[in-house]
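Me: I would like to learn how to read pockets, cavities and helix packing in a protein model. Can we work through one together?

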Amino acid sequence: PEEADAALARLVKTTETQVVEGLNGGLPFREDGYAYAIDLANTMRAAARVDNRPLFNRAYKMIEADFLRASTDDERARHTVLWRYAPDQPPDASGAKETGVLAEALWVAYEQWGEPRHRKQALRVLEAYLRHGSWVSENRFLVKNYYDYQARRVSENTWLLNQMPHLVWRIGCATQDST
């Protein structure tokens with residue numbers, strides 16, 4: 001067990017170093033010319049769990065600058081997360097999973113460091129995540145895949161992977177918010 005723990009600790013440290021070095025070069029663009037919010041949101045969540053505040057803050061600044069739709073006149077889009085970003089392309093759509101993972105990353109950061117601003121922003125983003133969905137029946141809520149910023153509508157297709165009831169339940173219980 002001690003050898004396994006040591007090997008895991010080395011793996012975590014090596015991965016953490018690689019991620020930090022990668023972000024030192026700016027947004028992590030993929031070969032298709034886009035940077036993806038899921039990469040940064042997952043980085044934030046992992047950074048908060050391993051107590052790496054500088055890494056969390058770096059990834060969050062990138063999210064805030066290029067992905068988080070905080071200042072928009074479209075109420076339904078407010079605090080959603082653009083699923084991918086390229087400097088020369090207009091924003092096309094939010095991602096429900098990206099929005100949910102960002103809410104979770106912010107909540108994990110709040111739990112780790114107790115910063116009220118992380119809690120407040122996690123709740124804003126979680127509300128945006130919930131705006132991706134609708135009640136299908138009296139006791140069945142479905143989160144849709146994305147919100148189209150140009151058409152101003154939520155997509156009709158739903159992906160099971162975008163459903164994050166564990167997050168909604170966890171934050172709802174912690175805040176005693178029944179919605």
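Reply: Take the largest pocket and sort its lining by class: 13 residues are nonpolar, six are polar and four are charged. Keep in mind that this is a predicted model.

Me: Which residues lie nearest the centre of the largest pocket?

Reply: Leu-130, Val-168, Trp-169, Ser-178 and Thr-179 do, out of a lining of 23 residues.

Me: Which elements each supply at least two residues of that lining?

Reply: They are helix 5 (116–131), strand 4 (140–143) and helix 6 (165–175). Helix 6 gives the largest share, with seven residues.

Me: Now the second largest pocket. How much space lies there, and which residues line it?

Reply: About 160 Å³ of space lies in the second largest pocket. Its lining consists of Val-12, Thr-15, Glu-16, Val-19, Thr-43, Ala-46, Ala-47, Val-50 and Leu-55. By class, six of these are nonpolar, two polar and one charged.

Me: Which helices each supply at least two residues there?

Reply: Helix 1 (2–24) and helix 2 do. The largest share, four residues, belongs to helix 1.

Me: How many cavities of 30 Å³ or more does a search of the whole structure find?

Reply: A pocket is open, while in a cavity the probe fits but cannot get out. The search finds one cavity of 30 Å³ or more. The space in the largest cavity is about 30 Å³. Tyr-34, Leu-82, Arg-84, Tyr-85, Ala-86, Gln-89, Pro-90, Pro-91 and Asp-92 form the lining. By class, that lining has six nonpolar, one polar and two charged residues.

Me: On to helix packing. At what angle do helix 2 and helix 4 cross?

Reply: Read the axis distance and the angle together. The axes of helix 2 (residues 37–49) and helix 4 (residues 96–113) come within 8 Å and cross at roughly 20 degrees. Angles under 35 degrees count as roughly parallel, so helix 2 is roughly parallel to helix 4. The crossing of these two helices is left-handed.

Me: Which residues make that contact?

Reply: On the helix 2 side, they include Ala-37, Ile-38, Ala-41, Met-44 and Arg-45. On the helix 4 side, Lys-97, Glu-98, Val-101, Leu-102 and Trp-113 are among them. By class, the contact of helix 2 with helix 4 has 13 nonpolar, two polar and five charged residues.

Me: Is helix 2 roughly parallel or antiparallel to helix 3?

Reply: Check the angle again. Helix 2 and helix 3 pack at about 155 degrees, with their axes 8 Å apart. Angles over 145 degrees count as roughly antiparallel, so helix 2 is roughly antiparallel to helix 3. Helix 2 passes helix 3 in a left-handed crossing. From helix 2, Ala-37, Leu-40, Ala-41, Thr-43, Met-44, Ala-47 and Ala-48 meet Leu-55, Phe-56, Ala-59, Tyr-60, Met-62 and Ile-63 of helix 3. This contact divides into twelve nonpolar residues, one polar and no charged.

Me: And what are the angle and the axis distance for helix 3 and helix 4?

Reply: Helix 3 (residues 53–66) packs against helix 4 at an angle of about 145 degrees, and the axes are 12 Å apart. Their crossing is left-handed. Arg-53, Phe-56, Tyr-60 and Ile-63 in helix 3 meet Leu-102, Ala-105, Leu-106, Ala-109 and Trp-113 in helix 4. Sorted by class, the contact of helix 3 with helix 4 has eight nonpolar residues, no polar and one charged.

Conventions
Residues numbered from 1 in each chain as written. Predicted model: local features only at pLDDT ≥ 70, side-chain atom pairs only at ≥ 80, totals over all residues. Heavy atoms only, no water. Axes fitted to C-alpha atoms, helices over the stretch in contact; angles between N-to-C directions. Parallel < 35°, antiparallel > 145°, perpendicular 65-115°, else oblique. Left-handed = near helix turned anticlockwise from the far one by under 90°. Contact = heavy atoms within 4.5 Å. Nonpolar A, V, L, I, M, F, W, Y, C, P; charged D, E, K, R; others polar. 1 Å grid on protein atoms, 1.4 Å probe; cavity = no way out; pocket = protein on both sides within 12 Å on 5 of 7 lines; lining within 4 Å. Points joined across faces, edges and corners; volume = space filled by probe spheres on them.
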